[in-house]
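The structure comes first, and the notes follow it.

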Amino acid sequence: MSKTTMSAAIALMMAAGMAMAEAQTVTANRPLPGQVRLSEMTGADVYDNQDKHVGSIKDVILDPDGRVATVVLNVEGTLGLSRRYVALGVGDLKISNSASKPRFTVGLSRDQLRTAQTYDLHEAKLNGTSTPPPPDDRPPPADRED
């Protein structure tokens with residue numbers, strides 16, 4: 001076999017392998033059971049380990065590989081007056097289905113979230129391509145317990 005034919009065969013095998021790998025990244029033509037859309041997360045209410053409303057999901061930060069790096073919560077302060085951002089790993093959120101939409105719970109108490117380190121969404125980005133999200137002006141949910 002000539003070098004040209006061998007090179008072409010290797011290139012064809014590599015291209016076919018990459019095409020198969022890309023095709024495997026999408027396994028269905030709709031969300032699978034247990035998967036949650038980002039649009040369902042952003043703005044969703046979050047509850048603590050005692051089932052009390054503690055805030056909402058403000059933003060989801062992706063790493064350069066497209067994986068979720070951080071979930072930013074908008075945590076309510078005392079009497080729901082002050083708000084601040086707290087970052088958690090996606091593994092810190094427990095997701096269950098309540099009626100037809102997902103329900104998000106963290107394994108931390110309200111006090112732990114209120115005293116956690118503040119996450120600065122307005123910090124300058126290294127590549128300058130990201131802008132901070134708009135302020136959260138949503139009123140707290142009507143069924144909230146204080």
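The protein chain has three helices and six strands, where helices (H or I, at least four residues) and strands (E, at least two) are DSSP runs numbered from the N terminus. Along the sequence the pattern is α-α-β-β-β-β-β-β-α. This is a predicted model, in which local features need pLDDT of at least 70 and side-chain atom pairs count only at pLDDT 80 or more, while totals for chains, interfaces and linings use all residues. Residues are numbered from 1 along each chain as its sequence is written, and side-chain values use heavy atoms, with hydrogens and water left out.

**Burial and contacts**
- Of the 146 residues of the protein chain, 25% count as buried (buried is under 20% relative accessible area, exposed over 50%, partly exposed in between; 1.4 Å probe, protein chains only).
- Contacts (heavy atoms within 4.5 Å) between residues at least 6 apart in sequence join residues at least 24 apart in 47% of cases.

**Nonpolar core**
- The largest nonpolar core has 15 residues, and Ile 57 and Leu 73 touch the most other members; such a core is a set of buried Ala, Val, Leu, Ile, Met, Phe, Trp, Tyr and Cys residues joined through side-chain atoms within 4.5 Å.
- Two or more residues each come from β2 (53-62), β3 (68-76), β4 (83-88) and β6 (101-106).
- Beyond its neighbours within four places in sequence, Leu 73 is in contact with residues including Val 46, Ile 57, Tyr 85, Val 106 and Leu 113.

**Strand pairing around β2**
- Seven of the ten residues of β2 are buried.
- β2 runs antiparallel to β1 (residues 45-47), joined by three bridges, and Tyr 47 stands opposite His 53; strands pair if DSSP finds at least two bridges between them.
- β2 also runs antiparallel to β3, with seven bridges, and here Ile 57 stands opposite Leu 73.
- The hairpin of β2 and β3 has five residues between the strands, and Gly 66 in the turn has a positive phi of about 90 degrees.

**Salt bridges**
- The whole structure contains four salt bridges (a side-chain nitrogen of Lys or Arg within 4 Å of a carboxyl oxygen of Asp or Glu).
- Arg 103 bridges to Asp 51, with the closest N and O atoms 2.1 Å apart. Arg 103 lies in β6 and Asp 51 in the loop between β1 and β2, so the pair ties together parts 52 residues apart in sequence.
- Glu 76 and Arg 83 meet at 3.9 Å, N to O; Glu 76 is buried at 3% relative accessibility, whereas Arg 83 is partly exposed at 30%.
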